[in-house]
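Student: Could you take me through a close look at the aromatic pairing here, and at what surrounds it?

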Amino acid sequence: MMPWNEIVNFTPIHGLAGGALLGLGAAVLLLFNGRIAGFSGIISSLRVRNNLWKLAFIAGALISGTVLHQALNLPAPESQLPASGLIIAGLLVGFGTRLGNGCTSGHGVCGLSRFSLRSLVAVMVFMASAMATVFVMRHL
């Protein structure tokens, strides 16, 4: 079993391709629908009218990831956390995205590309939190 903190077969090409595809998806959504591709905002507004494009965007993200996972014959994701820990982590992420008025895709991809100062601050907080978490988990 691979430890949770190791990246398997990572190359800069994978990161570049993933980032380019995420940026392309965000650009297409903005171009054709005039909307920002922030997943937390899309999911939290599902109860409001005009849900078809939101459901299509979320389904496309889930389906494309699943298809790519199968096409590349990648191993099943593993976690050393129990299901309850994953649920708590998911709820904390949801709380954080509401507190920060957006998620990494909304602020990091779309907000920074629009030169939003609020998004720049949010991304700096995301990164500092991630660095602190890695330090605590690996060194303390």
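Tutor: Happy to! Let's start with the rule: rings of Phe, Tyr and Trp (its six-membered ring) pair if their centres lie within 6.5 Å. Planes under 30 degrees apart count as stacked, over 60 as edge-to-face and the rest as tilted. In this predicted model, that rule gives a count of 1 aromatic pair. The partners are Phe39 and Phe57, whose ring centres are 5.2 Å apart with planes at 40°, so the pair is tilted. As for solvent, Phe39 is partly exposed, because its relative accessible area is 25%.

The unreviewed UniProt entry lists residues 52–72 as a "transmembrane region", along with 12–32, 84–103 and 115–137. In the model, residues 52–72 are 95% helix and 0% strand, and their end C-alpha atoms lie 30 Å apart. Residues 12–32, for their part, are 100% helix and 0% strand, with end C-alpha atoms 30 Å apart.

The axes of α5 (residues 104–113) and α6 (residues 117–139) come within 9 Å and cross at roughly 130°, which means α5 is oblique to α6. Their crossing is left-handed. Among the residues in contact there are His107, Gly108 and Leu112 from α5, and Leu120, Val123 and Phe126 from α6.

Terms used:
Residues are numbered from 1 along each chain as its sequence is written. This is a predicted model: local features need pLDDT of at least 70, side-chain atom pairs count only at pLDDT 80 or more; totals for chains, interfaces and linings use all residues. Side-chain values use heavy atoms; hydrogens and water are left out. Buried means under 20% relative accessible area, exposed over 50%, partly exposed in between (1.4 Å probe, protein chains only). UniProt positions are given in the numbering used here, feature names are shortened, and annotations may be inferred rather than shown by experiment. Helices (H or I, at least four residues) and strands (E, at least two) are DSSP runs, numbered from the N terminus. Axes are lines fitted to C-alpha atoms, for helices over the stretch in contact, and angles run from 0 to 180 degrees between N-to-C directions. Angles under 35 degrees count as roughly parallel, over 145 as roughly antiparallel, 65 to 115 as roughly perpendicular and the rest as oblique. A crossing is left-handed if the near helix is turned anticlockwise from the far one by less than a right angle, and right-handed if clockwise. Contact means heavy atoms within 4.5 Å.
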